[in-house]
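This briefing is for a reader who is new to the model shown below. It starts with a term, then goes from the whole chain to its parts.

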Amino acid sequence: MEDMAKFHTVRGYELLQQNKKLLTSAMEDYLEMIYRNSLIEGYMRINTLSELLNVQAPSATKMVQKLARLGLLKYEKYGIIFLTENGSEIGKYLLQRHNIIEAFLRNLGVEENLLLETELVEHILLADTIHRIEMFNRFVEQRPEWIKQFERYFSEYANA
Ligand code: CO
């Protein structure tokens, strides 16, 4: 089961690399958000998407059309968006990447602006680093006393 998940992540990353020059950070945000919603509902509505990403509907439509031309999604009548298999693989990788960085910042004790910073950082780290962070998360999460010790260390020395 875990191997399977890993396989998908690798595939998503490879597809992301193939599309690297074509995919901007904003496009990555779109794919991640569409994938999130597709997990729950199986699709995304353009209106919901523009609300969630806090952009105007016309610019959301433009971006969605670009992603459709890249073969990553299908944009159908009534504003309904479906990810293609490739789009879905990339979306899955992007969501995992997001969750890994968010967990890392949380393990560091970041609370304020956690989501904002995750959104900024996620686009710039390479896959090897993401993988390393993922392993680091696992390592410390298996040792929760280390996280507590670090919290104590931080509150004792950070402002000293
Ligand atoms: Co994100």
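Angles under 35 degrees count as roughly parallel, over 145 as roughly antiparallel, 65 to 115 as roughly perpendicular and the rest as oblique. The model is predicted: local features need pLDDT of at least 70 and side-chain atom pairs count only at pLDDT 80 or more, while totals for chains, interfaces and linings use all residues. Residues are numbered from 1 along each chain as its sequence is written, and side-chain values use heavy atoms, with hydrogens and water left out.

**The chain as a whole**

- The secondary structure comes to eight helices and three strands; helices (H or I, at least four residues) and strands (E, at least two) are DSSP runs, numbered from the N terminus.
- Along the sequence, these elements follow the pattern α-α-β-α-α-β-β-α-α-α-α.
- The C-alpha trace spans about 60 × 35 × 30 Å along its principal axes.
- Of the 160 residues, 35% count as buried; buried means under 20% relative accessible area, exposed over 50%, and partly exposed in between (1.4 Å probe, protein chains only).
- Among contacts with a separation of 6 or more, 64% come from residues 24 or more positions apart, where contact means heavy atoms within 4.5 Å.

**Two packed helices**

- Helix α2 (residues 25-41) packs against helix α5 (residues 85-107) at an angle of about 95°, and their axes are 8 Å apart.
- Axes are lines fitted to C-alpha atoms, for helices over the stretch in contact, and angles run from 0 to 180 degrees between N-to-C directions.
- α2 and α5 are therefore roughly perpendicular to each other.
- On the α2 side, the residues that meet α5 include Glu32 and Tyr35; on the α5 side, those that meet α2 include Leu94 and His98.

- Glutamate 119 counts as partly exposed because its relative accessibility is 28%.
- Glutamate 122 counts as buried because its relative accessibility is 0%.

**The sheet**

- Three strands form an open sheet in the order β1-β3-β2, with antiparallel pairing; two strands pair if DSSP finds at least two bridges between them.
- β1 (44-45) and β2 are the edge strands, and each pairs on one side only.
- β1 is joined to β3 by two bridges, and arginine 45 stands opposite isoleucine 80 in β3.
- Helix α4 (residues 57-69) packs on the sheet and touches β2 and β3, and its direction makes about 130° with that of β2.
- Four bridges join β2 (residues 73-76) to β3 (residues 80-83), and leucine 73 has leucine 83 in β3 as its bridge partner.
- The hairpin of β2 and β3 has three residues between the strands, and tyrosine 78 takes a positive phi near 65° there.

**Asparagine 107**

- Asparagine 107 is found in helix α5 and counts as buried because its relative accessibility is 16%.
- Neighbours within four places in sequence aside, asparagine 107 is in contact with Asn137, Val140, Glu141 and Ile147.
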